[in-house]
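Me: I have a model open and would like to learn how to read its features. Could you take me through them step by step?

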Amino acid sequence: MTVERFPIQVEGSGEASGHAGERVLVSLERAQGFGQLKNLPVRLPVGCRRGGCGVCRVRVTAGDYRSDKMSRAHVSEEEEAAGLTLACCIYPLSALSLRLEPAVGVKDKKQHCKKSESGGE
Ligand code: FES
């Protein structure tokens with residue numbers, strides 16, 4: 001049995017190989033691990049992996065995908081209609097092009113850690 005593969009182009013960073021039935025976030029993590037996404041400014045943001053934390057927001061600019069349920073606190077219906085979604089909740093149905101989007105309403109982890117280390121908050 002052959003698993004269908006779809007290229008996932010990440011704007012300005014490179015290409016990942018997506019597999020039918022595999023979450024796009026997993027494909028991106030694998031590509032990052034193999035050094036295929038060379039120009040990412042930071043490591044891929046990964047949190048809950050279930051559509052609840054919103055750190056893996058991406059905007060799909062081309063291609064088809066199906067998606068699981070996701071928190072409306074992080075992606076509104078209007079945003080979703082405009083291609084904004086969560087990489088941990090989508091599965092490719094064709095070649096995709098996307099770009100990483102900043103998370104909304106998520107604490108800056110570095111800032112949070114600094115406060116915790118110094119005994120603040
Ligand atoms: S990792 Fe939490 S919403 Fe994707």
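Reply: Happy to. We begin with the elements: helices (H or I, at least four residues) and strands (E, at least two) are DSSP runs, numbered from the N terminus. This is a predicted model, in which local features need pLDDT of at least 70 and side-chain atom pairs count only at pLDDT 80 or more, while totals for chains, interfaces and linings use all residues. Residues are numbered from 1 along each chain as its sequence is written.

Me: How many helices and strands does the protein chain have?

Reply: There are 3 helices and 7 strands in the protein chain. Read from the N terminus, the order is β-β-α-β-β-α-β-β-β-α.

Me: In what order do the strands form the open sheet?

Reply: For pairing, the rule is that DSSP must find at least two bridges between two strands. By that rule, 5 strands form an open sheet in the order β2-β1-β7-β3-β5, with mixed pairing. β2 (14–19) and β5 (84–86) are at the edges with a single partner strand each, so one side of each has no neighbour in the sheet. On average, neighbouring strands of this sheet are turned by 40° against each other, direction ignored. For angles, axes are lines fitted to C-alpha atoms, for helices over the stretch in contact, and the values run from 0 to 180 degrees between N-to-C directions.

Me: How many bridges join β1 to β2?

Reply: They run antiparallel and are joined by 6 bridges. F6 stands opposite G18 in β2. The two strands form a hairpin with 3 residues between them, and G12 in the turn has a positive phi of about 75°.

Me: Where does helix α1 lie?

Reply: Helix α1 (residues 24–33) lies across β1 (5–10) and β2, at about 130° to β2. An α-helix has 3.6 residues a turn, so residues three or four places apart point the same way. In α1, the buried residues are V24, L25, S27, L28, E29 and A31. A residue is buried if 20 or more other C-beta atoms lie within 10 Å of its own, exposed if 12 or fewer, and partly exposed in between, with C-beta atoms placed from the backbone. β1, β2 and β6 (90–92) are among the elements that cover these buried residues.

Me: Is L25 buried or exposed?

Reply: L25 is buried, because 20 other C-beta atoms lie within 10 Å. Apart from its neighbours within four places in sequence, L25 is in contact with V46, R49, C56, A87 and C88. L25 and V58 are 33 residues apart along the chain, with their C-alpha atoms separated by 9.8 Å.

Me: Where is R49, and what is its phi?

Reply: Most residues other than glycine have a negative phi. R49, in the loop between α1 and β3, has a positive phi near 65°. R49 counts as partly exposed because it has 17 C-beta neighbours inside 10 Å. R43 is found in the loop between α1 and β3 too, and R43 is exposed, with 9 other C-beta atoms within 10 Å.

Me: Which residues have the most contacts inside the largest nonpolar core?

Reply: A nonpolar core is a set of buried Ala, Val, Leu, Ile, Met, Phe, Trp, Tyr and Cys residues joined through C-beta atoms within 7 Å. The largest has 24 residues, and I8, L28, C56, L86 and A87 have the most contacts inside it. β1, α1, β3 and β7 (96–100) each supply at least two residues of this core, and α1 gives the most, with 4 residues.

Key. Two residues are in contact if their C-beta atoms, placed from the backbone, lie within 7 Å.
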